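Please look over the sequence and the model below before reading on. The paragraphs that follow go through a selection of local features.

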Amino acid sequence: MTNAPARPRTSLFTKYFLALFAAVVVPLLIAGGSEAWLGYRDQRARLSDLLDAEARLAAVKIQEFLEGIRDQLGWMVQLPWSVGADERRRLDGLRLLRQVQPVLSLRLVDSAGKERLFVSRIGLNRIESGDDDSRNPAVIGARAQRVWFGPVTFQGGSEPYMTVAVAGNRSAVGVAIAEVNLKFIWEVISAIRVGQTGKAFVLDQPGRLVAHPDISLVLRADHATTRPLQLLRAAILAQPGQAIAGRDIEGDAVMAAMASIPMVEWSVIVEQPAAEAFGPIYAALWRTGALLIAGAILAALLAYWLTQRMVGPIRLLEDGVARIGAGQFDHRIELTTGDELERLAQRFNEMAGELAVSQERSERISRLKRFLAPQVAELVDQSGDDRVLDGRRVEVVAVFCDLRGFTAFSTQVKPETIIGVLGSYYDALGRVVATHGATLTNFSGDGAMVLVNAPVACPDPAGRAVAMARDMQASVQTLLAEWRAAGHQLGFGVGLAMGPATVGRIGSEGRLDYTAVGNVVNLASRLCASAKDGEILIDRVAAQAVGTAVALVELEARSLKGFNRHVHVFGVDTTATR
C-alpha cells in the first residue's frame, strides 16, 4: 500500500494562540493591570507627599501662632518689679489684650510668687492683689523650663483653652501667665484644603479635638465622637512617614497623614476622602474595563467561529469512538483537518485495530484456559501455533481425583453448602494444577481429570504428576479438616497412571474440550476409585518411571473393573519428605 504524501499540519495550539492574541485579551489584561497598579502606586505616593506637606504646613502655622503668644508674653517679663503699683505694666497688659485677640486674661507674678497684676476680657482687673501663686503649676513649669504650655481645658464643657506661662531671663522679673482661647486656631485649620473636600484637624496628646473645620465638633467636646479620629492617629503612628487609609469621624474611608507640634505635643492630621483621592485611578479602571469587555466580546466571537470549525470533526470522533466502544473494531474515522484532530483520529483507528487483535487473542486464550493451565495457554498463544492441540498419540500421565462420601454429603446438606464446598475444592485443585503446569481437562461433580505431558511436553512427567498429586492431597486435606470440624464426613483419593493415549480437541463446533482417550485413562480412573481417603495410587509404569525419587509402597495387586488381569498398584508415601 502506497503512503499518501504528508499533508501540511498546523497545530491546534497555534490556532488558539493566534486567535486569542488577535482578540487582544492578554495584552489588555497586562496593560490594564499594569496601569492600575502603577497608577495606584504613583497616586498614593503623590497623595502621601501632598498630605504630608499640608500637615507640616498646618503644624508650622499653629506653632507660629503659639510662638507669637509666647513672644508677646516674653515682653511682659523684661524688667524687675519695683515697690508699689506699676502703672506702666498695667498699660502694657491692656495693650497685649488688645493686640493679641486669643489671650483671654493675663496675670503677672513677681519673683516671690505673688500676683502683682491681673487683666482680663471678661473679669475684673486686679492690681497688687498679693495672691500667692508660688504653687501654681504654670509658675513652677515656667521657672523650670522658661516656657510652659499647659494642658487643653474646655471651659464650660465647650470652648478649648490653654494656659501659657513665660518666665523672665532673671528670676527677679517673675512670670507672665496667659489664658489662651484656642478657638482662634480654627482660622488656620479652615484655610487648609486638600483637593475639593479634604480637611485638617488637631488633636492634643490625650486625643481631644482642639481644632476642626466644623467648630461645633470642638465646642461639643465629646470624647466618644472623636474616637474615630484617635484611631486614625494611632494607625498613622503605626506606619510613620506615609499616608494611610482609615475612617473619618463620619465613618467614611479617607487617606490621612500627620505632623506633630513638639512644643505642645499636638498632632495635626490632614485627610482626604479615598473616593476623591483615587478618583483618577477609578476613571482609568473604568476605561480599562470597557476595553477589556470589548476585547472579550471579540475573543468570544473568534472562539465561537473556531468552535464551529471544530464541531464537525469532534462529532466524527465522538461517533467513531462510540462505534469502537460498541465493539465495531473494523470502523475507521476519516478526518482531513490537518491538525491534532486528524492525528487523534489516526490514533483511534490504530487503537481499533489493536483492540481487534487483542479481542481475538483474548478469546483464544479464554478458550485455551478452559482446559489448559494458564501458563500453557499463554505459551500456545504467544507461539501462535495451536497445532499442539490437534489429535495425536503421546505418552501421558493421567491423574484422577475425587471426594469420598460426597454423594451422601450432597443429599444431607443445603445446596448453598454444596456449592461452597465445591468452590473451595475446585480452587485448591486449580491452584495446584496451575503450579505444576499440568492440563486440567474437566471437572465432573466432585471429580477431576488432569493430564501431564500433554499438550505441551515436559521433562519427568511421572515425577511431576506424583508431586502434583501429593500437593493435591495436602491442599484438600486442609479443607477436609475444616469440613469435618463442621460435621461433614468427606475424604479425598487420587489415582494416576502412565502410558500412551490419544489426546486432542474433541467436541462440536460450539463446544471443544481437550482430553485423552485410551487404556491409561481408564486405569487412572479405576485407581482413583480404589483409593481411600488420603491415598495416592499409581500403576507399575508410573512407579518404574519415578524410581527411587519418591517413597513408594507396593500394595497387593487388585482386580479393577474393565481389566482382565490383576493390576499391580503402588501407594505414594505422603508423609515422606520430598
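Predicted model: local features only at pLDDT ≥ 70, side-chain atom pairs only at ≥ 80, totals over all residues.

The side chain of Arg347 forms a salt bridge with that of Glu350, with 3.8 Å from N to O. Both residues belong to helix α10, which spans residues 340-369. Glu350 and Arg347 are three residues apart, about one turn of the helix. Glu350 is also partly exposed, because its relative accessibility is 44%.

This pair is one of 14 salt bridges in the structure. Another, between Arg56 and Asp52, has its closest N and O atoms 2.8 Å apart. Arg56 and Asp52 lie in helix α2 (residues 25-75), and here the spacing is four residues, about one turn of the helix. Asp52 counts as partly exposed because its relative accessibility is 24%.

A further salt bridge joins the side chains of Arg208 and Asp204, at 2.9 Å from N to O. Asp204 has a relative accessible area of 2%, so it is buried. Arg208 has 27% relative accessibility, so it counts as partly exposed. Salt bridges can also be linked to one another. Arg107, Glu115, Arg126 and Asp133 are connected in such a network.

Helix α2 also contains Leu38. Leu38 counts as partly exposed because its relative accessibility is 37%.

Helix α9, residues 279-325, is where Trp286 is found. Trp286 counts as exposed because its relative accessibility is 71%. Together with Tyr282 and Leu285, Trp286 forms a nonpolar patch on the surface. The accessible area of the three residues together is about 390 Å².

A second pair that is separated in sequence involves Pro102. The C-alpha atoms of Pro102 and Asn181 are 5.0 Å apart, while the two residues are 79 apart along the chain. Pro102 sits in the loop that runs between α3 (87-99) and β1 (103-109). With 8% relative accessibility, Pro102 counts as buried, because the limit for that class is under 20%.

How are helices α13 and α14 arranged relative to each other? Helix α13 covers residues 415-435 and helix α14 covers residues 461-485. The two pack with their axes 9 Å apart and at an angle of about 155°. An angle over 145 degrees counts as roughly antiparallel, so α13 is roughly antiparallel to α14. The crossing of these two helices is right-handed.

The remaining features concern the backbone. Most residues other than glycine have a negative phi, and most peptide bonds are trans. Where does the model depart from this? The peptide bond from Ala454 to Pro455 is cis, with omega near 5°. Pro455 lies in the loop between β14 (447-452) and α14.

Two glutamates have a positive phi. For Glu128 the value is about 55°, although the residue is not a glycine. Glu128 is located in the loop between β3 (126-127) and α4 (137-145). Glu128 is partly exposed because its relative accessibility is 32%. For Glu265, also not a glycine, the positive phi is about 60°. The loop that holds Glu265 runs between β10 (253-261) and β11 (266-273).

Definitions and conventions
Residues numbered from 1 in each chain as written. Heavy atoms only, no water. Patch = residues over 30% accessible without salt bridge, like charges linked within 9 Å, V, L, I, M, F, W, Y side chains within 5 Å. Areas by Shrake-Rupley, 256 points an atom, 1.4 Å probe, with all protein chains shown as cover. Salt bridge = Lys/Arg side-chain N within 4 Å of Asp/Glu carboxyl O. Buried < 20%, exposed > 50% of the residue type's maximum accessible area, 1.4 Å probe, protein only. Axes fitted to C-alpha atoms, helices over the stretch in contact; angles between N-to-C directions. Parallel < 35°, antiparallel > 145°, perpendicular 65-115°, else oblique. Left-handed = near helix turned anticlockwise from the far one by under 90°.
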